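Keep the structure open beside the text as you read.

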Amino acid sequence: MSAEGVFVTGLFEWYCTVDDVFRLLAGHDVSAIGDSDALELRVRGLMPVSMAAIDAEAGRDFLLHSDEVVMCDGQGEGRLMLGPLGVSPLLAVHSVVVGGRKLSTEEYVVYYPEAVIRLRSGEFPEGLANVEVTADWGYNGAPQEIRMAQARLVAAQILSECAGDRGSVERLQIGDYAVDYGSGGEHAGVIERWVTDARSAARSYRKLRLAAI
């Protein structure tokens, strides 16, 4: 059986859709999994663990966080950098509380692209979790490269289960997600490329973008 022509529709709580995986598998023989219903069931079963693997490799998730409280350490500087905490993209800042006192909106300015809050005067006092920011941040739908990264992980696992083992067995790992495949198997090259691409896409979000504000 080829995955071609058995697309389903609908968005779920994962970064990619079943359709995304099926498109990658189109033209590949995946009959070892069973019929189209069995294939869809297997794809769905791999969604949670592959999503967790992307998050682990990226050091963050790609969900939408609304009205979330973030506790920050004051550094004795006039700016508070949220990006290194993974609070990005920053969409809205609802309140800033320093040492128990809520600041007025006139006391600070928010630089959204850089995910930085800067005081108009003074400094955020040094301390552990002494600054409380309530904000909206994250993604209303995962970035395209992350969506495809998850789809590639799932598709790679499906192909590895269908190809059989030829020669030595190799293992590619991203987070706790491991794909075992025969190095001489029919789909070895495709599997290796998909997992490597997925790992690279996720790791690119580990980079801390320091802002000179």
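Start at the N terminus and read along: the elements come in the order α-α-β-β-β-β-β-β-β-α-β-β-α. That gives the chain four helices and nine strands; here helices (H or I, at least four residues) and strands (E, at least two) are DSSP runs, numbered from the N terminus. Bear in mind that this is a predicted model, where local features need pLDDT of at least 70 and side-chain atom pairs count only at pLDDT 80 or more, while totals for chains, interfaces and linings use all residues. Residues are numbered from 1 along each chain as its sequence is written, and side-chain values use heavy atoms, with hydrogens and water left out.

How much of the chain is buried? Buried residues make up 46% of the 213 residues, where buried means under 20% relative accessible area, exposed over 50%, and partly exposed in between (1.4 Å probe, protein chains only). Of the contacts with a separation of 6 or more, 72% come from residues 24 or more positions apart; a contact means heavy atoms within 4.5 Å.

Now find helix H2, residues 36-58. At its start, a side-chain oxygen of aspartate 35 comes within 3.2 Å of the backbone nitrogen of aspartate 37. With 23 residues at 1.5 Å each, H2 should span 33 Å, and its end C-alpha atoms are 32 Å apart, so the two agree. (The expected span is 1.5 Å times one less than the number of residues.) There is a bend along the way, of about 35° at methionine 47, and proline 48 follows within four residues; the bend is the angle between axes fitted to the seven residues ending there and the seven starting there. Just after H2, glycine 59 has a positive phi of about 75°.

Which residues of H2 are buried? They are Leu39, Glu40, Val43, Leu46, Met47, Ser50, Met51, Ala53, Ile54, Glu57 and Ala58. An α-helix has 3.6 residues a turn, so residues three or four places apart point the same way. Take serine 50 in H2: it counts as buried because its relative accessibility is 0%. Leaving aside neighbours within four places in sequence, serine 50 touches Gln150, Leu153, Val154 and Tyr177.

Next, look at glutamine 157 in helix H3 (residues 144-163). Glutamine 157 counts as buried because its relative accessibility is 12%. Beyond its neighbours within four places in sequence, its contacts are Arg42, Leu46, Tyr177, Ala178 and Val179.

On to the strands. E3 and E4 are antiparallel and joined by two bridges, and valine 98 sits opposite arginine 101 in E4.

A second open sheet has three strands in the order E2-E6-E5, again paired antiparallel. Its edge strands are E2 (79-81) and E5 (108-111), each pairing on one side only. Between E5 and strand E6 (residues 116-119) there are four bridges. Tyrosine 108 has leucine 119 as its bridge partner in E6, and valine 110 stands opposite isoleucine 117. E5 and E6 make a hairpin with four residues between them, and alanine 115 in the turn has a positive phi of about 55°. The covered face of E5 has Tyr108 and Val110, the uncovered one Val109 and Tyr111.

Most residues other than glycine have a negative phi, and most peptide bonds are trans. Aspartate 67, in strand E1 (residues 64-74), has a positive phi near 55°. Alanine 129, in strand E7 (residues 127-138), has a positive phi near 50°. Serine 88 and proline 89 are joined by a cis peptide bond, with omega about -10°, and proline 89 lies in the loop between E2 and strand E3 (90-98).

Note on methods: Two strands pair if DSSP finds at least two bridges between them. A polar contact is a pair of N or O atoms within 3.5 Å; within protein, one must be able to donate a hydrogen and the other to accept it, and residues adjacent in sequence count only if both atoms are side-chain atoms.
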